[in-house]
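Here are a few notes to go with the model, for anyone opening it for the first time. Keep the viewer open and follow along point by point.

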Amino acid sequence: MRTKPDLSFWKLWNLSFGFFGVQIAYALQSANVSRIFTTIGADPHDLSYFWILPPLMGLVVQPIVGMMSDKTWNRFGRRLPYLIVGALIAVVVMCLLPNAGSFHFTVASAILFGLVALMMLDTSINMAMQPFKMLVGDMVNEKQKGLAYSIQSFLCNAGSVVGYIFPILFMWLGIKNTAPEGVVPDTVIWSFYIGAAILLLCVVYSLIKIKEWPPKLYNEYNGIEEKPAKKEKTDVISLLKHAPATFWTVGVVQFFCWFAFLFLWTYATNTVAHNAFQTPETVNYPGITYNGTDYEGKYLIANDSVIILNHGKQEGDFLATHNGAFTLTTADIVETRPDGSLDISATGSAKIESAADCKYITRTVLDATSTQYNEAGNWVGVLYAIQALGSVLWAVMLPRFRSRKFSYTLSLLLGAVGFFMTAFITNPYVLFVAFALIGCAWAAMLAWPFTILTNSLRGGNIGAYLGLFNCTICVPQIVAALVGGWILTMLSVPGELAPEYLMMAVAGVSLVIGSVCVFFIKEGPGKEPVKETPEISEVI
């Protein structure tokens, strides 16, 4: 096997530079998805369900891209074709997602459009992200991998900070930060446009600067035989059955950590908007209920002439002035003709026998059209940037602790304090401290689990175990997304504003449980090293 040559700093830089653009896209998604869906009319109790898609796509896409790219070679290379496809899809979807409320869809159709766009965006981001991880493994020798991953980590954090602050930066530049009901503000829309442009430029730069080795040279540098010996297949069940105790104990800690952070991404915007920016509340009337049946729609019309509900706002109290039977029509479009009659695009109708037996369905939500809400949305981007900076600074401190498990536990407890502060603090600037503490937990989550695990693995299945270990990142997020709405419903009072700030406290409790579980980690053979540099894992 030939020894891989040393690469200059700028060649190492070029291998990972595209990560900067990809991470901007990822940061925009992380910071703005809940804001976008809230703006177009999603129920707060449903927000967590939308977050199932990102980890699910990561769970599916990254292993597929890894396996397929191992067998690919064409004029663009081995890994770069997947970067091209992923980035081009991401650019298109980034221009569509923030406009989900601008196409005059019904609320349900706008949410469905947003969900499809989110699924495509996360799929494409994962497809574009994976090649940069593999390029370092392909082309960098063992001596320089530390430097290569440090460069990648720097570009990753730099891209995150840029993506997070885009909305507030554009607000300072005079771009409008509010919009009509159901429409996402221009600050967010333009953030996605500019992020897409930067991603495209980064991909073009990568294609110009990166020259992958042809198959023969690649095989020589990586010790791959032209016709490798047939290896015995090892199935997943067997791997899990014989997994070291470390795999499972660290996995338990991972579960509670990623469970907590999914709640952060889902509920932070509305928590900050309510607590720190005093966003006004508004009561929506999405429909009426009669004999146990709910009738909801963009418009509800009684007897083809009286609009009961219009975009969730009452147009007169019809039920209070009408006691008899009436025909109820749900509609997507209602327009007034010149003669004063209604032009209705009906989607359904029902015969209501008694108006006196009907009740309005009420839903108290934050006013997503208000100045306060949209200022809070921008501020959350700044807070995420503070979290990223805090994570970088704390990552420098982690190797200085004599005990990995102590630093791991301390980091998670600091993060828990940050979550509890976020739940109850009303000063937007004090939230800087809260998110810096959350950054401490984030740094440990990205550093120690893979380090502890790889130190405990022996034999030829290290890659397989690391692939399986990625499930400890994806699965807890999926679980949190599935149960988040149920937990919030349990904490809510019907008709009142959903207490999303309490979900930050639930996340804090989850991190505390995770910190306790650190003590049960069973490490592999060998003594625990002193001042070991952690391996930084990448987020799926």
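1. Let's start at Cys-440, which sits in helix H14, the stretch covering residues 431-454. Keep in mind that this is a predicted model. Is Cys-440 buried or exposed? Its relative accessible area is 9%, and the cut-off for buried is under 20%, so Cys-440 counts as buried.

2. What does Cys-440 touch, once residues up to four places away in sequence are set aside? Its partners are Trp-394, Ser-411 and Leu-414. Leu-412 is also worth a look: 28 residues separate it from Cys-440 in sequence, yet the two C-alpha atoms are 7.3 Å apart in space.

3. Now for the sheet. Five strands make up an open sheet, and reading across you get E5-E4-E3-E6-E7, with antiparallel pairing. At the edges are strand E5 (313-314) and strand E7 (342-352), each of which pairs on one side only. As a reminder, strands of a sheet pair through backbone hydrogen bonds, either parallel or antiparallel.

4. Strand E4, residues 306-310, runs antiparallel to E5, and two bridges join them. If you want to find one by eye, go to Asn-310: its bridge partner in E5 is Lys-313.

5. Over to the surface, where Leu-56, Val-60, Ile-64 and Met-68 form a nonpolar patch. Together they have about 310 Å² of accessible area. Leu-56 belongs to helix H3, which spans residues 53-70. With a relative accessible area of 31%, Leu-56 is partly exposed, because that class lies between 20% and 50%.

6. Looking at contacts between residues at least 6 apart in sequence, 80% join residues at least 24 apart.

7. Last, confidence. The mean pLDDT of the chain is 85, and 90% of the residues reach 70 or more. Which elements have the lowest and the highest mean pLDDT? Helix H15 (residues 462-469) is lowest at 65, while helix H17 (residues 501-517) is highest at 97.

8. Two stretches deserve a flag. Over residues 526-533 pLDDT stays under 50, and the model has 17 contacts beyond four places in sequence for them. Residues 535-540 also stay under 50, with 30 such contacts in the model.

Notes:
Residues are numbered from 1 along each chain as its sequence is written. This is a predicted model: local features need pLDDT of at least 70, side-chain atom pairs count only at pLDDT 80 or more; totals for chains, interfaces and linings use all residues. Side-chain values use heavy atoms; hydrogens and water are left out. Helices (H or I, at least four residues) and strands (E, at least two) are DSSP runs, numbered from the N terminus. Buried means under 20% relative accessible area, exposed over 50%, partly exposed in between (1.4 Å probe, protein chains only). Contact means heavy atoms within 4.5 Å. Two strands pair if DSSP finds at least two bridges between them. pLDDT is the predictor's confidence in each residue, from 0 to 100. Patches are made of residues with over 30% relative accessible area and no salt bridge: like charges are joined within 9 Å, nonpolar side chains (Val, Leu, Ile, Met, Phe, Trp, Tyr) within 5 Å. Accessible areas come from the Shrake-Rupley method with a 1.4 Å probe; for residues, only the protein chains shown count as cover. A salt bridge is a side-chain nitrogen of Lys or Arg within 4 Å of a carboxyl oxygen of Asp or Glu.
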